[in-house]
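Thank you all for coming.

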Amino acid sequence: MGKKTTCRILAFMAVCTILCSTGCTNLKDIRNIRIESFSIKSLSIKGLDSADAVFEVCVDNPAKDIAVSYLDGVLYRSGKALGTFTIAPFDIEGRSSDRTDVGCSIRLAPGISPLTLMSMARDFDISDCTMDVTARARVGKSPQKKLTLKDIPVKRLINGL
C-alpha cells in the first residue's frame, strides 16, 4: 500500500512539473493546463526496491502539443531521499482534453525498504516532501528545452486533485 501511494505521488509530480514548466512560448496557455484525472493503470513490483507503473492521466491542454523526451527525479521526505523515478517519453496533444498513458520506473533509495515505506504511510504528511526533477521537453515545434527544478514542494503540485 505504501509503495502504491509513492508510485502515484511520483508520477503525478513528474507530470505536473512538466505541464507547468515547459518552454517559453505561450506561457499564458501553459499555465492553464489542468490535470482532470489521474489513475494507476498497471503496477508491477520488481524485487524489493523497484517497481514499474503505467499511469493514465487525463489532461486539458489549451496550449500547443508538448513532447516530453526525458524526465527523472528524486523524492525527498524531511530532506532524506525516499527514491528515484524515471518517466518514459510521452506526448500531450495540444488544444484538447485527452488521456495519456505515462510509464514510470521507480527505485527506492538505499536504506528504504518496502516495510519502511509502509510504516511511513501511517503518519505520512505530504507537506514534508520535496522533489528534484530534470526534464527535456518541446512545446509545439520549438527546440527542446532542458529543465532542472530543485526542492519543489510536493504539496504545491498536488493541491486541487
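How many salt bridges does a search of the whole structure find? The search finds four, where a salt bridge is a side-chain nitrogen of Lys or Arg within 4 Å of a carboxyl oxygen of Asp or Glu.

Before I go through them, a word on the source. This is a predicted model, in which local features need pLDDT of at least 70 and side-chain atom pairs count only at pLDDT 80 or more, while totals for chains, interfaces and linings use all residues. Residues are numbered from 1 along each chain as its sequence is written, and side-chain values use heavy atoms, with hydrogens and water left out.

One of the salt bridges joins arginine 107 and aspartate 49, at 2.7 Å from N to O. This pair links distant parts of the chain, 58 residues apart, since arginine 107 belongs to strand S6 and aspartate 49 to the loop between strand S1 (34-46) and strand S2 (50-61); strands here are DSSP runs of E, at least two residues long, and helices are runs of H or I of at least four, each numbered from the N terminus. Arginine 107 is partly exposed at 43% relative accessibility, and aspartate 49 is partly exposed at 31%, where that label covers the range between buried, under 20% relative accessible area, and exposed, over 50% (1.4 Å probe, protein chains only).

Another bridge, between arginine 99 and glutamate 56, is 3.8 Å from N to O. Here too the pair links distant parts of the chain, with arginine 99 in strand S6 and glutamate 56 in strand S2, 43 residues apart. Arginine 99 has 49% relative accessibility, and glutamate 56 has 23%.

Lysine 46 and aspartate 52 also meet in a salt bridge, at 3.8 Å from N to O. Lysine 46 is partly exposed, with a relative accessible area of 41%, and aspartate 52 is partly exposed at 30%.

Let me turn to the layout as a whole. The protein has four helices and eight strands, and along the sequence they follow the pattern α-α-β-β-β-β-β-β-α-β-β-α. Of its 161 residues, 41% are buried. If we take contacts (heavy atoms within 4.5 Å) between residues at least 6 apart in sequence, 67% of them join residues at least 24 apart.
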